[in-house]
Amino acid sequence: MKNQKGVIYNLIIVLTVAFLSLLAVSLLGNKQASAADNSKRIKIVFWHEMTGPAQTQLNEFVKQFNKSQSKYQVVSQFEGTYEEAVQKILNTHGSNTSPAVFQSADISVSQLYHSGYITKVQKFIDKDKSFNVNDISSVARAFYSQKGELLGMPFNTSQPVLYYNASLLKKYNITPPPMNPSYSDITRVAKQLYQRSNKKVKGMTMEVYGWLFDQLIANSGNYSVNNQNGRLATPTKASFINSGSLKAMEWIQENVKSGDFINYGSGTNASANEMAAFLSGKLGIFMESSADIGQLTLGMKNQKLGVTYYPHADGQKANGVAIGGAALWISNDKSSEVQQGAWNFIKYLESAKNQATWQKATGYLALNKNSKKTKTLKNLYKKNPALKVPSEQLAKTVPNNSNSGIFVEGIVQERIILNTALDQIYNGSNIKSSLTQAEEAMNSYIKNNNRANGWRY
């Protein structure tokens, strides 16, 4: 009996070893088959600049796209900040290391257009009957278009909005601002909050940030550079002094003098400080990107967040604001097969389902109009109605040359120049004088850039 048990035991060991060997061979075979399968696919190198939850979700999209078909294999690579990535793109174009599809920010639209390094996505849209470009936000499309052609496909998109601490307003018995507020609506709330809190809570702030300034101009229906923001012809001059900018800066200075406005300056520290003050209940109102909603929602667990459209001057209708963020572009130094694969990947990302998932995961706005019909966004908006406000602002905006972005090279320089002017204005300097100096500095840059490129100046 004892020997019989030993035989059975040895037999079990032999069978187990045999099974594991077969399993290992099978797994190896599957792995080799998979590798062979991938080697037959057309490789699509994708450069992006996303970090955190956005990078996680983007990598998941890549994984899902690769599983959804067998012709293309997208390989995603993180390339640093927007500024770093666009330089790598320009420097590697025409080489084996350049990407087939890449993400690039709003600040580089004119630069990429004039580089001659891209294939306009309009080329693929015109041929692809399965893709309805009208499903994509018209405001976002207008930003990345020139002369009626879509250059890059808008992807991670935000808009400037106004945030307020609804719990603080309720505490001090203050009526919240309307959904589409005027400057006086915001001034009323800011002053009441400052006074009723015995000056312990600052009413409002607006970061010294050229992008926010440009958006105030856009919402007034004016332009930041001539030739209607460069949409009609190459810009030759800045136009920072206009009815929109003057009213906006007068509004800022009015609140500074009243004491309810606090100036946090510019840059990363300014953003962090205004956010910290808002979350701690020491600041009632500020204006920033809609991409901050996720962070604010997490930070205000015991408080209610209020969100409105970007404010506009009294006595006039809001013209609407431009977008921020980045688009997806196709390099023209790759074969037609590779470029087609890049387009198919872009189409995949722009689907209603994926755009809804993108908004939920990142806070960026879903650009496919049909995304609002998905359970993902319906449940998201039901749980937190504030998240719906930026999307509504985007949907209600009618695109025009004023709210479709500034088509000029040197946006980074423009914002640096404007930050200097805003610093002066916030500290009480003459508005026209400060903006005149900014115009002169920007005009000099535009002239030199146009001359270097052989353009009219």
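A: We may begin with the handedness of a helix crossing: helix α2 and helix α14 cross in a right-handed manner. Please bear in mind that this is a predicted model.

Q: At roughly what angle do the axes of α2 and α14 cross?

A: An angle is read between the directions of the two helix axes. Here, the axes of α2 (residues 52–68) and α14 (residues 336–349) cross at roughly 115° and come within 11 Å.

Q: Which residues of α2 and α14 meet?

A: On the side of α2 they are F61, V62, Q64, F65 and S68, while α14 contributes G341, N344, F345, Y348 and L349. Sorted by class, this contact holds six nonpolar residues, four polar residues and no charged ones.

Q: What is the volume of the second largest pocket?

A: That pocket has a volume of about 380 Å³. Its lining has 18 residues, and those closest to the centre are A366, K369, K372, S391 and A395. The lining comprises six nonpolar, seven polar and five charged residues.

Q: Which helix gives the most to the lining of this second largest pocket?

A: Helix α17 gives the most, with five residues. Both α16 (375–383) and α17 (389–396) supply at least two residues each.

Q: Which residues of helix α3 are buried?

A: A residue counts as buried when its relative accessible area is under 20%. In α3 (residues 82–92), the buried residues are A85, V86, I89, L90 and T92. Their cover includes β1 (42–48), β3 (101–105) and α4 (109–115).

Technical notes
Residues numbered from 1 in each chain as written. Predicted model: local features only at pLDDT ≥ 70, side-chain atom pairs only at ≥ 80, totals over all residues. Heavy atoms only, no water. Axes fitted to C-alpha atoms, helices over the stretch in contact; angles between N-to-C directions. Helix = DSSP H or I, 4+ residues; strand = E, 2+ residues; numbered from the N terminus. Left-handed = near helix turned anticlockwise from the far one by under 90°. Contact = heavy atoms within 4.5 Å. Nonpolar A, V, L, I, M, F, W, Y, C, P; charged D, E, K, R; others polar. 1 Å grid on protein atoms, 1.4 Å probe; cavity = no way out; pocket = protein on both sides within 12 Å on 5 of 7 lines; lining within 4 Å. Points joined across faces, edges and corners; volume = space filled by probe spheres on them. Buried < 20%, exposed > 50% of the residue type's maximum accessible area, 1.4 Å probe, protein only.
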